[in-house]
Amino acid sequence: SEYAELFNENNMHLTFKQSGSFLNSKFPMIRMTLFIPKSEFKEGTTIQILDHFINNPEKRPKWDVTLKEYRNLEATDIYSILYSLMKKPNMFISQRDMIDKKIDFYANNRFYSFATSTPDEFQPATKEAERAIDYISGYSIYEDETNFYFRSISQVDFKLPSVTSVMKFTLPPKLKEWYANLKKAINE
């Protein structure tokens, strides 16, 4: 099936493929491209600084208001296994948690990150949160003379009753808020 547009604004393009992917045909694939003018960040902001604020388990919970907990369960030079506990988004949806095996690397002046869910043995599921499944998520950060670009693709089972309708109304504003919070944290 074709990608359907969720949101398209001057600096954000968000689409989803309703039929999913070869990994799982049940859940949609979400693609996003966002650019933020470098002038919106304090002088000296680099891709490495963006990476540090997004991926560091000590930094990210300070500005990412969606997270209740974010920590390394295991880390090597090659990969990390991360635990994420999201705050309850509203009174009708319970908290979600995830355990992801993640690899990050730099190549050709770009930062790349790829993740997928791992078995529950790294962090047993609890009654506190429902375990979401990250089939695949990947993103890159790169730059040109005037902008930082964020590109991502993901397929996640958030265990929501109606994935497509929930995403259409909640995802674009949540992503804009997430990136606004990232900018604010870096600029402070």
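**Basis of the entries**

I worked on a predicted model, in which local features need pLDDT of at least 70 and side-chain atom pairs count only at pLDDT 80 or more, while totals for chains, interfaces and linings use all residues. Residues are numbered from 1 along each chain as its sequence is written, and side-chain values use heavy atoms, with hydrogens and water left out.

**Salt bridges**

I searched the whole structure for salt bridges (a side-chain nitrogen of Lys or Arg within 4 Å of a carboxyl oxygen of Asp or Glu), and the search gave 9.

I looked up the partner of Glu 40 and found Lys 183, with the closest N and O atoms 2.3 Å apart. This pair links distant parts of the chain, 143 residues apart: Lys 183 belongs to helix H3 (residues 163-187), and Glu 40 to the loop between E3 and helix H1 (47-55). Helices (H or I, at least four residues) and strands (E, at least two) are DSSP runs, numbered from the N terminus.

I next noted that Glu 69 pairs with Arg 71, the closest N and O atoms being 2.3 Å apart. Glu 69 is partly exposed at 27% relative accessible area, and Arg 71 is partly exposed at 30%.

I then examined Asp 97, which forms a salt bridge with Arg 131 at 2.8 Å between the closest N and O atoms. The two residues are 34 apart in the chain, Asp 97 in strand E6 (residues 96-107) and Arg 131 in strand E8 (residues 130-131). Asp 97 is buried, with a relative accessible area of 1%, and Arg 131 is buried, with 9%. Shared partners join Asp 97, Asp 120 and Arg 131 into one network of salt bridges.

**Second largest pocket**

I recorded a volume of about 230 Å³ for the second largest pocket. On a 1 Å grid over the protein atoms alone, a pocket is an open set of points where a 1.4 Å probe fits, with protein on both sides within 12 Å along at least five of seven lines; lining residues have an atom within 4 Å of a point. A volume is the space filled by probe spheres set on the points, which are joined across faces, edges and corners.

The residues lining this pocket include His 13, Arg 31, Phe 114, Tyr 139 and Arg 151. Strands E2 (12-17), E3 (29-37), E9 (133-143) and E10 (147-157) each supply at least two lining residues.

Conventions
Buried < 20%, exposed > 50% of the residue type's maximum accessible area, 1.4 Å probe, protein only.
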